[in-house]
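Trainee: Could you walk me through some features of this structure, one at a time? I would like to learn how to read each of them.

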Amino acid sequence: ASNIPVIMVIFGGSGDLAHRKLYPSLFNLYRQGLIHDNFAVIGTARRPWTNEYLREQVNDAIHETFTEVNENDVKNFVEHFYYLSHDVTNVEHYVSLKELAQELDDRYSAQGNRLFYMAMAPRFFGTIATHINDQKLNGTGFNRIVVEKPFGRDLASAKELNEQITTSFAEEDIFRIDHYLGKEMIQNIMPLRFTNPLFKSVWDKEHIKNIQVTLAERLGVEARGGYYETSGALRDMVQNHIFQIITLLAMPEPRDISATSVHQAKQELLDSLIIPDEEMLKQHFVRGQYAGSDTTFAYRQEPNVASDSKTETYAAGEVKFTAGPLAGVPIYFRTGKEFKEKKSRIDIVFKHSSTPYGSVHSNNLTIEIDPRNRIYLRINGKNIFESGIREEKLTYALTDEEMAKIPDGYERLLHDVFVNDSTNFTHWSELERYWQFIDKVENYWEKENQDISEIIQYPPYRMGPKEANQIFESPTEHWIYG
Ligand code: BG6
């Protein structure tokens, strides 16, 4: 299934995402023979670049990403790239784009297949989608569109965007990208849950006490203050990545692993998502902002950030469902910038009962997503000399060599788009539920902002705000990673 003829149009061809992720990923697919010669890429942006200049950029992007490349491969690859200076708001520009796409389609025998990639500022997504339709850019073969995040900034704007996109594309042709779904250990959640009878038989509310999802970052907002001010940690990380992870952890077993069955299982779970009420929001949700130190800026001192900003750079909370194997089990999450280290992990805390040895540790199953790819299970065993019980770990870890071979998330997901596999993309109905939840939290925080003079400030490069240690439902619960 590897020769997929296609003309790919990248809106935002001069941008950072295209440079850092899309060009290198496409090249890696190309050199593995996963895309053959019947393709061309049209990079568009406002700047007056030429084909040659775009090709140089693609060439640079490849060399910045990979240490070993065959120069002949690179040369052949970059020849598939074309540049068109294009203002997405100017209707006439779509006419030239259409002509170029048609011309390249003939030259490369692309069979009328089109792939549109929205890799630019999200405020233009709707405009582009509308003009793809009214200027009839669609080809006679398949027409797919990849949409980057953020997909809206609340339910209303997400709906509006979705309506604009669905005037030009059918739901099954819309690929809403979430790069976490391209990560190795996230793709490993379903196999872990459903191929190990041992875990499968205890993956329920009788055995699991709680689940904790942590997506911590060492970095601050860096140069992205302008975007981040309109977003905050909840929209930036929870609405998409954290919710996708939680869904994979809590959904019922799908009938098979087809995209349809997986999305059906996800939807079944999400129909039972509890939208938090004020009481829950008050008790189980916390937000904060990183403060400065002698050597680092506070969030409010970052470029393009308001000096009295109340945007959260840290968010923690609780998610619960009324159905599925984990009905009623608290799932806690937290994410933040300027944590002590980069760490993405999931801790599954099992219940424990009394033992002849007195009280012992619970069996925690940890899935580490980044920076290492590993899973470990905490088990109890005897002490060698003294009496009593000690804890040990059973570890499943990828070697450095294996880790080095793992394709970048973008590469995996792009390949999925080529072969029309939407398993690891977000469907509209999922997104709708996620936004309902997020809107509720955002509204509550916005209202709260009018009464509080300050949002919690937390010291940089530690564990975030200490208030997050109090979001648990019971005093016997606490963060496992800390
Ligand atoms: C992005 C967010 O979606 O994910 C960024 O917009 C964040 O703010 C990034 O830094 C984290 O991704 P990863 O793969 O580095 O964990």
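Trainee: Where is Asn304 found?

Mentor: This is a predicted model, so keep that in mind throughout. Asn304 is found in the loop between E8 and strand E9 (314-319).

Trainee: Is Asn304 buried or exposed?

Mentor: Read the relative accessible area against the cut-off: over 50% is exposed. Asn304 has 60% relative accessibility, so it counts as exposed. Check its backbone too. Phi of Asn304 is near 65°, a positive value in a residue other than glycine.

Trainee: What is phi of Ser109 near?

Mentor: Phi of Ser109 is near 50°. This value is also positive, and the residue is not glycine. Ser109 lies in the loop between helix H4 (91-108) and strand E4 (114-118).

Trainee: Why is Ser109 called partly exposed?

Mentor: Partly exposed is the class between the buried cut-off, under 20%, and the exposed one, over 50%. Ser109 has a relative accessible area of 43%, so it is partly exposed.

Trainee: Next, peptide bonds. Which residue does a cis peptide bond join to Pro150?

Mentor: Look at omega. The cis bond joins Lys149 and Pro150, with omega about -5°. Pro150 sits in the loop between strand E5 (143-147) and H6. Another cis bond runs from Asp370 to Pro371, with omega near 0°. Pro371 is in the loop between strand E12 (364-370) and E13.

Trainee: Which helix gives the most to the lining of the second largest pocket?

Mentor: H6 does, with four residues. Helix H5 (125-134) and helix H6 (155-168) each supply at least two. By class, the lining of this pocket has six nonpolar, six polar and four charged residues.

Trainee: How many cavities of 30 Å³ or more does a search of the whole structure find?

Mentor: One. The largest cavity holds about 110 Å³ of space. Its lining has 13 residues, and Phe151, Ile177, Asn240, Thr426 and Leu431 lie nearest its centre. Helix H11 (233-250) and helix H16 (428-451) are the elements that give two or more residues to that lining. The largest share, three residues, comes from H11. By class, the lining of the largest cavity has five nonpolar, four polar and four charged residues.

Trainee: Is Lys337 buried or exposed?

Mentor: Lys337 is buried, because its relative accessible area is 6% and the cut-off for buried is under 20%. Lys337 lies in the loop between strand E10 (331-336) and strand E11 (343-350).

Mentor: His241, Tyr410 and Leu413. His179 lies in the loop between strand E6 (174-176) and helix H7 (184-187). With a relative accessible area of 29%, His179 is partly exposed.

Trainee: How far apart in space are Phe285 and Glu318?

Mentor: Phe285 and Glu318 are 33 residues apart in sequence and 6.8 Å apart, C-alpha to C-alpha. Phe285 is in the loop between helix H13 (278-284) and strand E8 (286-290). Phe285 is buried, with a relative accessible area of 6%. Not counting residues up to four places away in sequence, Phe285 touches several residues, among them Glu318, Phe333, Phe437 and Trp445.

Trainee: Last one. Where does Asn383 lie?

Mentor: Asn383 lies in the loop between strand E13 (374-382) and strand E14 (389-397). Asn383 is buried, with a relative accessible area of 15%. A polar atom of its side chain lies 3.4 Å from the backbone oxygen of Ser387.

Methods. Residues numbered from 1 in each chain as written. Predicted model: local features only at pLDDT ≥ 70, side-chain atom pairs only at ≥ 80, totals over all residues. Heavy atoms only, no water. Buried < 20%, exposed > 50% of the residue type's maximum accessible area, 1.4 Å probe, protein only. Polar contact = N/O pair within 3.5 Å; in protein donor to acceptor, adjacent residues only side chain to side chain. Nonpolar A, V, L, I, M, F, W, Y, C, P; charged D, E, K, R; others polar. 1 Å grid on protein atoms, 1.4 Å probe; cavity = no way out; pocket = protein on both sides within 12 Å on 5 of 7 lines; lining within 4 Å. Points joined across faces, edges and corners; volume = space filled by probe spheres on them. Contact = heavy atoms within 4.5 Å.
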